[in-house]
Amino acid sequence: MIEASLSRLRSDLDARRISSVELATLFLDRIERANPALNAFITVDRDRTLAQARAADARIARGAAGPLTGIPVAHKDIFCAEGWRTTCGSRMLANFISPYDAHVVSRFGDAGAVLLGKCNMDEFAMGSSNETSYFGPARNPWDPACVPGGSSGGSAVAVAARLAPAATATDTGGSIRQPAAMCGVSGIKPTYGVVSRYGMVAYASSLDQGGPMARSAADLAALLNVMAGFDPRDSTSLERPAEDYGRDLDRPLAGVRLGLPKEYFGAGMAEDVRAAVLAAVNELEKLGAKRVEVELPASPLSVPAYYVIAPAEASSNLARFDGVRYGHRAAEYADLVDMYCRTRAEGFGAEVKRRILVGTYVLSHGYYDAYYLKAQKIRRLIAQDFVRAFGACDFIVGPTSPTVAFRSGEKVDDPVRMYLDDIYTVAPNLAGLPAMSIPCGFGAGGLPVGLQVVGSYFSESRMLGLAHRFQQATDWHERIPPAHAEGAR
Amino acid sequence: MSLTPDQVARIAHLARIAVSPAEAEAVRAQLNGILALVERMQAVDTEGVAPMAHAQDVMLRLREDAVTEADLHARFQAIAPQVEGDLYLVPKVIE
């Protein structure tokens, strides 16, 4: 059952071969066994989950099931869920019980999905290794000595170790794609504005975008059909007609042009990653795609520009954590300013503080033009690069991350080294483009490698189609970490 | 350029984050490392390039001028650190 696709779970539930309560219990039991070692979940609430599962069973019995009714889904702990602790991986929100649902959470709730628990993540989604979580790092199920990637590390671990059939995640600079790559699962960050940010704790609002993680592109399409859609409560939500993200799953790849950016295939990529990515490109060529070389000349500037824009927006967004309306408040203080300073010093971890300080500096008087304005101009150059490249190709393909998962602790004290690993993932966020990662092989240490696919605006269904074709011809996405296979203890 | 200890103290105050003397030097070194990375931006000529603030060049929507929010203050204040008589309590600012 842990192998079943979402469509298989749907038909099993509809045919009463399994109940939603049985399915939820199966995954809750797996979480209970594996979570002490993997730390993929911050909050699990068996009673609440089973109550939702019973309601789903009743709905199925009434003949009123939707596509996800009765299917367990885990949410990244960045999404507010009413009555659930929503921590965002931070001490600041360690006791925050959300009084309302995020748009994404209510969409899954309306569809009848069963909330399985809240997934671990880097604090306030700031990190590429899940090591900045106040609740301790999540661990890679392929090798617990390695990081799962971040910031959506817990979501990726949950899907990879088959602790959940699917999970939600968010991506500001690679936080869906990089952990998906490092854990061997599939994940897609849609075009900016496709998924509502309402109730999703804000990090960098012009870059943040929610998306699903799952075991296959076909499952991602089913999840995105539920997650996506206009929401007036998010001022940047796009008003577009509803679409079926699964409509191109069976579209042939004949004649599809794959752009390989020469900047991505130069120095900097580990040889094991290069070999797996090039083998995947060959496989896609066998399926009828053609490869062309493209150029993204501004791409070396994407990491510097990102690490100005994202911290600048973070410093503004996180100003709301002042110890007054919700969240942590220091126990002792001399006056109001001292209360703010101590509350924030205690409530935020080292990486969050670093980014707030960087953001405060680049926005401060006298430095705005040199940093923030400059970064916004480079953002334009990066977006123009993509527009030009998409004149010559249909999709851009390359590595998701320059290496397979690295060892825990290896980079935690060296933020710049950690930031440089985001080289392939931040540019699509700056441009607002959809991007995904799918498993495409294994590298050193038997650790998974991810293939990144970037599409033009609103090309999600065709990207999912490309990924689905690839997954029909390969079985990388079906590999399970041996310690977590069915029957393994 | 490199931040001085005074600049770090000033930024920390603007950000309302207490930085203890014990951690100040490590914070300064890490911020300088990040700013050195960011400095690479200066190598490219961006004269005449329009800054891009947002992923989509969309106009902000207008909505009908009608009340859409329900009164949820009791629910919201239930999770506040300190509340009295519907008000959020903070240390005294004006004597």
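Among the elements of chain B, mean pLDDT is lowest for helix 3 (residues 73–77), at 91, and highest for helix 1 (residues 5–14), at 97. The model is predicted, and the predictor gives the complex an ipTM of 0.96 and a pTM of 0.97. Over chain B, pLDDT averages 92, and 98% of the residues score at least 70.

**Chain B**

- Chain B has 3 helices and 2 strands, which follow the pattern α-α-α-β-β along the sequence.
- Chain B is more spread out than a compact globule, because its radius of gyration is 22 Å, well over the 12 Å that the globule rule gives for 95 residues.
- Taken along the principal axes, the box filled by the C-alpha atoms of chain B is roughly 55 × 45 × 25 Å.
- Of the 95 residues in chain B, 19% are buried.

**Contact between the chains**

- Chain A contributes 53 residues to the contact and chain B contributes 37 residues.
- On the side of chain A that touches chain B, two or more residues come from each of helix 9 (302–317), helix 10 (336–347), helix 11 (350–363), helix 12 (369–389) and helix 13 (415–420) of chain A.
- Helix 12 of chain A gives the most to this side, with 11 residues.
- By residue class, the side of chain A that touches chain B comprises 33 nonpolar, 9 polar and 11 charged residues.

**Helix 2 of chain A**

- Helix 2 of chain A spans residues 20–38 and bends by about 35° at Glu32(A). Pro36(A) follows the bend within four residues.
- The buried residues of helix 2 of chain A are Ser20(A), Leu23(A), Ala24(A), Phe27(A), Leu28(A), Ile31(A), Ala34(A), Asn35(A) and Leu38(A).
- Residues three or four places apart on an α-helix point the same way, because the helix has 3.6 residues a turn.
- After helix 2 of chain A comes Asn39(A), with a positive phi near 55°.

**Largest nonpolar core**

- The largest nonpolar core holds 179 residues, and Val73(A) and Ala158(A) touch the most other members.
- Leaving aside neighbours within four places in sequence, the contacts of Ala158(A) are Ala40(A), Phe41(A), Ala74(A), Cys119(A), Leu163(A), Ala164(A) and Ala167(A).

Conventions. Residues numbered from 1 in each chain as written. Chains lettered and ligands numbered in written order. Predicted model: local features only at pLDDT ≥ 70, side-chain atom pairs only at ≥ 80, totals over all residues. Bend = angle between axes of the 7 residues up to and from the residue. Buried ≥ 20, exposed ≤ 12 C-beta atoms within 10 Å, placed from the backbone. Rg over C-alpha atoms; globule rule 2.2 N^0.38 Å. Contact = placed C-beta atoms within 7 Å. Nonpolar A, V, L, I, M, F, W, Y, C, P; charged D, E, K, R; others polar. Core = buried A, V, L, I, M, F, W, Y, C linked by C-beta atoms within 7 Å. pLDDT = per-residue confidence, 0-100.
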